[in-house]
Amino acid sequence: MARVLCYVGRAAQALSEATTSLLGVAAGVGEPIAVVATGPEGPSPELVAELARRGASAVYAGDLGDGAGLLTVGEVALLEAAVGALGGGLAAVLVPSSTAGREIGGRLALRIGGALLVDVVALDAGQGDPGRLVTTHDVWGGSFVSRAHATAGVPVIAVRAGVGGAAPAAQEAPVAMLELTGSLPPAARIVGTRPAEAAGADRPALGVADIVVAGGRGVGSVEGFGLVEEVAEALGAAVGASRAAVEAGYCDKSLQVGQTGVIVAPRVYLALGISGALQHRMGMQTSEVVIAVNKDSEAPIFEIADLGVVGDVHAIVPQLLTALAENGAAS
Amino acid sequence: MKIAVLVKQVPDTGQDRHFDTATGRVDRDRSDAVASEIDERALAAAIALGAGHDPEVVAVTMGPVGSAAVVRRCLAVGADAAVQITDDRLAGADLVQTAHVIAAALRAIEPDVVVAGFKSSDGGAGALPAMVAEILGLAQATQLRSVETDGQVIHGERVDEAGVHTMTAPLPALVSVTEEAAEILVAGLKGIMAAKRKPLTVLGLDELGSGGARAAQPTTAVLEVVRRAARTRGRVIHDDGQAGAEIAALIAGSTNN
């Protein structure tokens, strides 16, 4: 059976919804093998057991060594070693479609003479040409869907978090430690890392949340943006923002939903005071249900909203919070 | 210090954009072509980076014949020279091909620093800068929201899913910048006049050496592109004091299964 390498990241962050997506998508077309970056001690038994439970039939691990403090090049070397260790029978390498994942994937594709396919939401064996994997891509925020395949070498495929189902659990995942021996190319050194300012430690990540509550210029101020956060808190939702809100300084840039920000597709997207510029819609229009509140009845966001409310965010949010509290008390 | 800036012409994101569904390629004739906004910021960041370091800024683009307009704009705003790679064989070029083309063009320029936007508004992979760094062996310092240099080392702050990273990179380096890194510069009449006297070199694939030959070979094929059904307008109500309760009910109904 064709084997599919899945880069699940560094051991400390290896378990996430993105990991489950990679293993699930891989299991649909072959045998998923997890590749994880660790220290010299290798992965913990708990991590290996959890990767097996999520579908990994084997775990390739490697100590990044000096590469642990460098940007990208350590991970690329690890994946190159994993490809080499596997020999033949490799159908694809999957990486998360994250900022770092796509960069790692791009460099790896060049290193192994393969191809790079990004923003992939599904992977299948294709029709009439078995063995050639076909990728399905979300293009321009879901305005278009494309299907493609690699024509040279092994495809490196960046898979969106939150797509695909879970893979069947594996009985066990034997661990192979890879030796990283070659010298690393010139690289940037990471001197320090701190959490993003607006992460909100107990909130779900924007890209994978079931519900996203987003604020725009219509919230009016930093204090007004606090209303968005209150609603998100009440719903256990992630907080997003339009570019206008970010540029007005109401919130951190990392919250920006849109073409040049995060692309989201939650079950519910609640837009508060967002007019719905095209570049914002590109980032959220594949959400299952869109609810919008805006003072301007002509706002373009209403053209794509399942429920649109013409009114003032500052009047409606308190009503909403009361209703949510009542529903919460009732259930 | 020699700085190369990577710029790209893209369909205007303020308008409806189209694919030629027969070829699977972006239909560049049906929207206005503009410079990718982030690349205009990259140019501004490059000019700021070079200040005080005897800078020479070269704008580089790959695209159809008309894409010369984006590098001309760079010349008007302060770039000293421009290179355009245009070749019919590059229509619909994939990421690996594009990386080989850009890398081959940069090899002839020999920059100390390459500056790019963190991702284009049309392809949007966000991988090309890292791929160019891979081919040329440049230190990759990408996704930076702030960047400066003392002439020897790049200092910057990167934002990605893992957090905010403070980083340093030795020269020669490749930098990509986010929207926060610099404000867009506006060309004045004087700049536009001066641009006419600055060199713009136009190259085809055959003039890029072995990198050009590698770039001619696609590594991916698009099977089909289809437009997804557009969302339609739903119910629009005016707030009568009950709108909050309606929103709460719809959220509960949409997530309780």
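**From a buried position to the interface**

Modeller: V95(A) lies in strand β4 of chain A, residues 90-96; strands (E, at least two residues) and helices (H or I, at least four) are DSSP runs, numbered from the N terminus. The model is a predicted one: local features require pLDDT of at least 70 and side-chain atom pairs pLDDT 80 or more, whereas totals for chains, interfaces and linings use all residues. Residues are numbered from 1 along each chain as its sequence is written, chains are lettered from A and ligands numbered from 1 in the order written, and side-chain values rest on heavy atoms, without hydrogens or water.

V95(A) is buried, its relative accessible area being 0%; buried stands for under 20%, exposed for over 50% and partly exposed for what lies in between, with a 1.4 Å probe and protein chains only. Apart from neighbours within four places in sequence, the contacts of V95(A) include Y7(A), L22(A) and L79(A), together with G101(A) and G105(A); a contact means heavy atoms within 4.5 Å. V156(A), I157(A), A158(A) and V159(A) also touch V95(A). In sequence, V95(A) and T19(A) are 76 residues apart, yet their C-alpha atoms are 9.0 Å apart in space.

The next position, T72(A), sits in the loop between β3 (58-63) and α3 (73-86) of chain A. T72(A) counts as buried at 5% relative accessibility. Beyond residues up to four places away in sequence, T72(A) touches E103(A), I104(A) and R107(A), and also Q140(B) of the other chain.

Setting aside neighbours within four places in sequence, H100(B) is in contact with L110(A) across the boundary, and with I135(B), G211(B), R214(B) and A215(B) in chain B.

The contact as a whole draws 84 residues from chain A and 83 residues from chain B. Buried area is the accessible area (1.4 Å probe) that two parts lose on being put together, summed over both; between these chains the area is about 7,000 Å², and carbon and sulfur atoms give 56% of that. On the side of chain B, E134(B), R228(B) and R231(B) lose the most area to chain A, together 11% of what that side buries.

The interface holds 10 salt bridges, each a side-chain nitrogen of Lys or Arg within 4 Å of a carboxyl oxygen of Asp or Glu. One of them joins the side chains of R233(B) and E303(A), at 2.5 Å from N to O. Helix α7 of chain B (residues 243-255) supplies 10 residues, the largest share of that chain's side touching chain A.

Chain B itself has seven helices and 15 strands. Its C-alpha atoms fill a box of roughly 65 × 45 × 40 Å along the principal axes. Of the 257 residues in chain B, 52% are buried. Among contacts in chain B between residues at least 6 apart in sequence, 71% join residues at least 24 apart.
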